[in-house]
Amino acid sequence: MKIRPSLKLYFFITMILLGSIMTIGQSMLTVSYYIDGLDRGLNSVMRELVMTSKVQDGQPVKFADFQIASRWEDTPTIIQERFSPPLEENELFKSKDQNSFFSLPTNLYFIAIIRNQEGEPRYISKIMLEKLNPHLKQKSYLSRFYWIVITAVLVIAMFTCLLIVLMRKVAKPIESLRDWAKALSHENVQHPPPDFTYNELNTLATIVQSSLHSVHQSLAREKTFLSYASHELRTPISVIRSNVELLKRLCEKAILNEKQQLTLARIERAGLTMSDLTETLLWLSHDEAQPVELKQIQLDEKIHQLSTELRYLLNSKAVEVSVECNPFSLNTDGTACHIVLSNLIRNAYQHTQHGHVHIVQQGSVVTIANEEHRDNVPHTNNQIKTTQQPILGYGLGLQLSERIIQRHKWQYQIIDEPGRYLVKVDFKVEIS
């Protein structure tokens, strides 16, 4: 299961990590500055002692915990063991005994080389041993360290609480905007948007409302135009078809040449195609909320009728058609069923150049498959052309049929394979 990224979670984790890193970094920087300040203060004290003390070879001077010597050999033995002779002047060298990173050092050793007023080098050292300071106990250091950790945890916890409050204050208007945008429909898109607290969110809500309102207006105009155009086209198409029928009757006794017959057939086929397309567009422009008028449809007779009427699409094509139907009737939307079957059969006939078209009906399930065959491709100069024309299983008719099928919740399946395109429709609605 893939976890989708969340902007809220991403922001929360980022801010927690950023706060923790800043807290730890500032703490370490504070400790570093504190220790550096102590070293600078100690170095300054050592310089003052060197300037005011008179030291001779072999006679080091002690003042409090400091020892000043004129030679390296006069420094304490433990200092000589801990350090090599310092080469850089005016720099404080130190060494410490520490059990762990989180514990305070038990023993500290300092050494520096500083020139006095006469320009003579002097070695000044300081030793801080735990046994010399029995009042300093490791337990108290650990106790302080624990308090530091507790304080840091409390600070991070307070930062987290404030962050949660801030996120809720910011996220609530955003979630309200999301819910409002999701609930927008044709009925409430014209209502003024609510106040989402922040100016940026109110601007975004206005943009969303304006865009959806424009889209709804465009759809309404297209739907109105489609309805008017379909109604207006029905009359001239009916006139064309009726006059073609009249012309065919008048020409029954007259002898027409082949070109005249082909011209009349083309007019008849074009009128039939335009009639089917107009009925489809007019049906799609109807309101989905209108109740569907169910009719008793003899499905096998409807398929035989349409497959015969549309056979003109296969003229001059090397296409074989097989129709296998079983007697079956059902109550359904007659107009929608006619449009779907007509478009699917027309689509199969139009886009098959050479091969087979199989129409199979079993109960409420209708399967239409068009297959292209290489063997049917004509060849010249004793060379067989192996170029196969791809099956075009698309078109306006198929798209319109898909919309009708989805509106009626019929079962629909498409199998698109090389050399074969199959469409299966079940006109029986499954009641869940």
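How many aromatic pairs does the count come to? The count comes to three aromatic pairs, with rings of Phe, Tyr and Trp (its six-membered ring) pairing if their centres lie within 6.5 Å. Two of these pairs are shown below, after an overview.

**Figure 1. Overview of the predicted model.** This is a predicted model, in which local features need pLDDT of at least 70 and side-chain atom pairs count only at pLDDT 80 or more, while totals for chains, interfaces and linings use all residues. Residues are numbered from 1 along each chain as its sequence is written, and side-chain values use heavy atoms, with hydrogens and water left out. The protein has eight helices and twelve strands. Helices (H or I, at least four residues) and strands (E, at least two) are DSSP runs, numbered from the N terminus. Of the 432 residues, 32% are buried. Buried means under 20% relative accessible area, exposed over 50%, and partly exposed in between (1.4 Å probe, protein chains only). Contact means heavy atoms within 4.5 Å. Among contacts between residues at least 6 apart in sequence, 61% join residues at least 24 apart.

**Figure 2. The ring pair of Trp-72 and Tyr-123.** The ring centres of Trp-72 and Tyr-123 are 5.8 Å apart, and their planes stand at 70 degrees, so the pair is edge-to-face. Planes under 30 degrees apart count as stacked, over 60 as edge-to-face and the rest as tilted. Trp-72 sits in the loop between strand E2 (66–69) and helix H2 (77–82), and Tyr-123 in strand E5 (residues 121–128), so the pair ties together parts that are 51 residues apart in sequence. Trp-72 is buried, at 12% relative accessible area. Tyr-123 is buried too, at 14%.

**Figure 3. The ring pair of Trp-410 and Phe-427.** Here the ring centres of Trp-410 and Phe-427 lie 4.9 Å apart, with planes at 70 degrees, so this pair is edge-to-face. Trp-410 belongs to the loop between helix H8 (396–408) and strand E11 (411–417), whereas Phe-427 is in the segment after strand E12 (420–426). The two are 17 residues apart, and the pair links distant parts of the chain. Trp-410 is buried, with a relative accessible area of 5%. Phe-427 is buried at 2%.

**Figure 4. Helix H6 against helix H7.** The axes of H6 (residues 299–309) and H7 (residues 334–350) come within 10 Å and cross at roughly 40 degrees. That makes H6 oblique to H7. Axes are lines fitted to C-alpha atoms, for helices over the stretch in contact, and angles run from 0 to 180 degrees between N-to-C directions. Angles under 35 degrees count as roughly parallel, over 145 as roughly antiparallel, 65 to 115 as roughly perpendicular and the rest as oblique. H6 contributes Leu-299, Lys-302, Ile-303, Leu-306 and Ser-307 to the contact. H7 contributes Cys-337, His-338, Leu-341, Ser-342, Ile-345 and Tyr-349. By class, the contact has seven nonpolar, three polar and one charged residues. Ala, Val, Leu, Ile, Met, Phe, Trp, Tyr, Cys and Pro count as nonpolar, Asp, Glu, Lys and Arg as charged, and the others, Gly among them, as polar.

Figure 5. Most residues other than glycine have a negative phi. Ser-316 has a positive phi, near 65 degrees. Ser-316 lies in the loop between H6 and strand E7 (318–325) and is exposed, at 83% relative accessibility. Phi of Lys-409 is also positive, near 60 degrees. Lys-409 is in the loop between H8 and E11. Lys-409 is exposed at 62%.

**Figure 6. Lys-96 in strand E3.** Lys-96 is part of strand E3 (residues 93–97). Not counting residues up to four places away in sequence, Lys-96 touches Arg-82, Pro-105, Asn-107 and Leu-108. Met-128 is 32 residues from Lys-96 in sequence, and their C-alpha atoms are 9.3 Å apart.

Figure 7. Glu-91 lies in the loop between H2 and E3 and is partly exposed, at 33% relative accessibility. Beyond its neighbours within four places in sequence, Glu-91 is in contact with Ile-111 and Ala-112. Asn-43 is 48 residues from Glu-91 in sequence, at a C-alpha separation of 7.8 Å. His-351 is in the loop between H7 and strand E9 (354–362). His-351 is buried, at 16%.
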